[in-house]
Amino acid sequence: DDVDEYQAAVRWPDLLTSTTFSGPAPPAGEVFEITFTSGTTSQPKMAALSHGAEVEHWTAVGRNLRLGPDDTVVVATPLFHSSGIRNATFVMWTAGGCAALLEGFSPRRFWGQAVGAGGTWSCLVETMLSLLLLHAAEIAERPPVLRFVIGGGSPDTIEAFESRTRIRVLQAYGMTECGMAAVTRPDLGSHRVAELRGRHPGAVLAGTPTDGTRIRIATAAGAGAAPGSPGELIVRGPGLLAEYVD
C-alpha cells in the first residue's frame, strides 16, 4: 500500500538495454503470477500459479499445437488475460518462437498486421472472430497467413469464420485456474473434426486434454458420471493453480 503505482514497473527502454538474467532459476513451487479471475463464481478471486506449473503447462500446450522456432503468434488479446499472456505469449516462448504484440485489436487492421509480423497463429475470443468476419473479404487479397487460430464460441461463428477465411479454428477449453486443459489438435483431420462437431448439435467441441492433463466427468458425489448424464468436469494436470490468495 505504501508503493507508488508505477514505482515497481520496469520501463520498456530500460528493459531493452538491460542484461540477460543469469541468476539461479526460481524454485518450481514459488509463485510466478497472481491473476484475477471471476469466471467460476462471478466474484473476483486471486489465482496464484507457480513457476513449475506454468512452464510445464506452456511446454505441453506448445507440443499439442506442434509449435516451434519458426512460429510467431499474433497477440491481439490483453496481457492481463490468460488468452494473451499464458495461451499465446508464454506458450510461444517455451516453443522457441516469437510473439508479436499488437497495440490493440482492430478488425480492419488485423490481417495486415498478421502478415506484416509473419504470424503463423493467433489466440482470439469469439467477439474477435465475429468482428473479423465483417472484414473477411480482405484476406482474399493477401497471401495465406495464419495456419490456425485458437478460439471458442458458438458452432455457427466458428464454421462461418473457417468458411470465409479458410483458417482452421482449434477450439479449446480452459480457465485461469487450470490453463488450456483441452484443445483440438491441429493434426486432427477435417473429417474427424466435422464428425465430432456434429455429434451433439449445438454443443461446442472442447478438444482433447493437453499433454499431462486428465479430465473426467463426475457426479456430485464424486463418482464417474454415466454417458449422457450431467456432471462436473474434474481436471488434473500441470497447469493447475496453487491456491486462491486469501
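This is a predicted model: local features need pLDDT of at least 70, side-chain atom pairs count only at pLDDT 80 or more; totals for chains, interfaces and linings use all residues.

Modeller: Residues are numbered from 1 along each chain as its sequence is written, and side-chain values use heavy atoms, with hydrogens and water left out.

Colleague: How many helices and strands are in the protein chain?

Modeller: Helices (H or I, at least four residues) and strands (E, at least two) are DSSP runs, numbered from the N terminus. The protein chain has 7 helices and 12 strands. Its radius of gyration, taken over C-alpha atoms, is 19 Å, close to the 18 Å of the globule rule (2.2 Å times the number of residues to the power 0.38) for 246 residues, so the chain is as compact as a globular protein of that length.

Colleague: What percentage of the residues count as buried?

Modeller: Buried means under 20% relative accessible area, exposed over 50%, and partly exposed in between, with a 1.4 Å probe and protein chains only. Of the 246 residues, 39% count as buried.

Colleague: What describes a pair of aromatic rings?

Modeller: Such a pair is described by the distance of the centres and the angle of the planes. Rings of Phe, Tyr and Trp (its six-membered ring) pair if their centres lie within 6.5 Å; planes under 30 degrees apart count as stacked, over 60 as edge-to-face and the rest as tilted. The whole structure holds 8 aromatic pairs. For Trp-58 and Phe-90, the centres are 4.5 Å apart and the planes lie at 35 degrees, so this pair is tilted. Trp-58 belongs to helix H2 (residues 51-64) and Phe-90 to helix H3 (residues 82-95), so the pair ties together parts that are 32 residues apart in sequence.

Colleague: Are Trp-58 and Phe-90 buried or exposed?

Modeller: Both Trp-58 and Phe-90 are buried. Together with Phe-32 and Trp-93, they form one aromatic cluster.

Colleague: What is the strand order of the open sheet of 3 strands?

Modeller: Two strands pair if DSSP finds at least two bridges between them. The order is E1-E2-E12, with antiparallel pairing. The edge strands, E1 (31-37) and E12 (243-244), each pair on one side only. Strand E2 (residues 45-50) is joined to E1 by 6 bridges, and Ala-47 in E2 is the bridge partner of Thr-35.

Colleague: Which strands of the sheet does H2 touch?

Modeller: Contact means heavy atoms within 4.5 Å. H2 packs on the sheet, touching E1 and E2, and its direction makes about 75 degrees with that of E2. Axes are lines fitted to C-alpha atoms, for helices over the stretch in contact, and angles run from 0 to 180 degrees between N-to-C directions.
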